[in-house]
Amino acid sequence: MTLLAILQYPDPRLKTVAAPVEDVHAPGTKTMISDMLETLEKTEHCGGLAATQLDIAHPQQIFVFYDYDEADPEKRTPMVVINPKIIKTEGTVLEEEGCMSVHPNHIQAKITRPAFTTIEALDSQGLHMELTRGGYLAKLFVHEIDHLEGKVFIDHLKPLKRKMVDEKIKKVLKLKSLQEKNA
Ligand SMILES: [Zn+2]
């Protein structure tokens, strides 16, 4: 298993549109899945990761996330989602969002997302599944599917707000490069 690097905005690879998985049992796909699970496990404060935000040569339509019951958030299960499609959403929420690929801890912005999201997908064995989640996971599903389509959350911002966020990102990048020089 390999720990994968998480791409950081504005890495152009974040715009990659993932190819659908043809065969979940193909060796390349199985390796991708186990590397993604390992990366999820070893990345602190990470709820989910999409193949297109990781250093993978030919990312496929796969995301991994921690599933949990809101009644017992401590108990969480890593899940693999393959070729996901949104089949239904309900309601909307406007809440702060961040991303492991958009300078986490520095950049957050309010984004409108569904209150409930239903997706259909394949699991790691290639079996069809349908998942409906509310709250954080309803937002996570659309956030990860955006990644697989080459989009990051700040792409949803209106131009003026986006400009402000881009300015902030420039400052963060400058700060990071200074820190690297001094390290
Ligand atoms: Zn993200």
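Me: Where is Gly 98 found in this chain?
Reply: Gly 98 sits in the loop between β3 and β4. Strands here are DSSP runs of E with at least two residues, helices are runs of H or I with at least four, and both are numbered from the N terminus. Please keep in mind that this is a predicted model, where local features need pLDDT of at least 70, side-chain atom pairs count only at pLDDT 80 or more, and totals for chains, interfaces and linings use all residues. Residue numbers start from 1 along each chain as its sequence is written.

Me: Why is Gly 98 called partly exposed?
Reply: Count the other C-beta atoms within 10 Å of its own, placed from the backbone: 20 or more means buried, 12 or fewer means exposed, and in between means partly exposed. Gly 98 has 18, so it is partly exposed.

Me: Which residues is Gly 98 in contact with, leaving aside neighbours within four places in sequence?
Reply: They are Pro 104, Ile 107 and Gln 108. "In contact" means that two C-beta atoms, placed from the backbone, lie within 7 Å.

Me: What makes β2 and β3 a pair?
Reply: Two strands pair if DSSP finds at least two bridges between them. Strand β2 (residues 62-69) and strand β3 (residues 72-97) are joined by 8 bridges, so they pair, and they run antiparallel. Val 64 stands opposite Val 80 in β3, and Asp 67 faces Thr 77 in β3. The hairpin that links β2 to β3 passes through 2 residues.

Me: What is the strand order of the whole sheet?
Reply: The 5 strands form an open sheet in the order β1-β2-β3-β4-β5, with antiparallel pairing. Why are β1 (48-50) and β5 (128-134) called edge strands? Each of them pairs on one side only.

Me: Which strands does helix α2 lie across?
Reply: Helix α2 (residues 135-148) lies across β1, β2, β3, β4 (109-122) and β5, and it runs at about 80° to β4. The angle, on a scale from 0 to 180 degrees, is between N-to-C directions of lines fitted to C-alpha atoms, for helices over the stretch in contact.

Me: What makes a group of residues a nonpolar core?
Reply: Its members are buried Ala, Val, Leu, Ile, Met, Phe, Trp, Tyr and Cys residues, joined through C-beta atoms within 7 Å. The largest such core has 36 residues, and Phe 63 and Met 36 are among those that touch the most other members. Its largest share, 6 residues, comes from α2. Phe 63 also touches residues including Leu 49, Val 81 and Leu 148.

Me: How do you know whether the radius of gyration agrees with a compact globule?
Reply: The radius is taken over C-alpha atoms, and the globule rule is 2.2 Å times the number of residues to the power 0.38. For 183 residues, a compact globule would have a value near 16 Å, and this chain has 16 Å, so the two agree. Its C-alpha atoms fill a box of roughly 45 × 40 × 30 Å along the principal axes.
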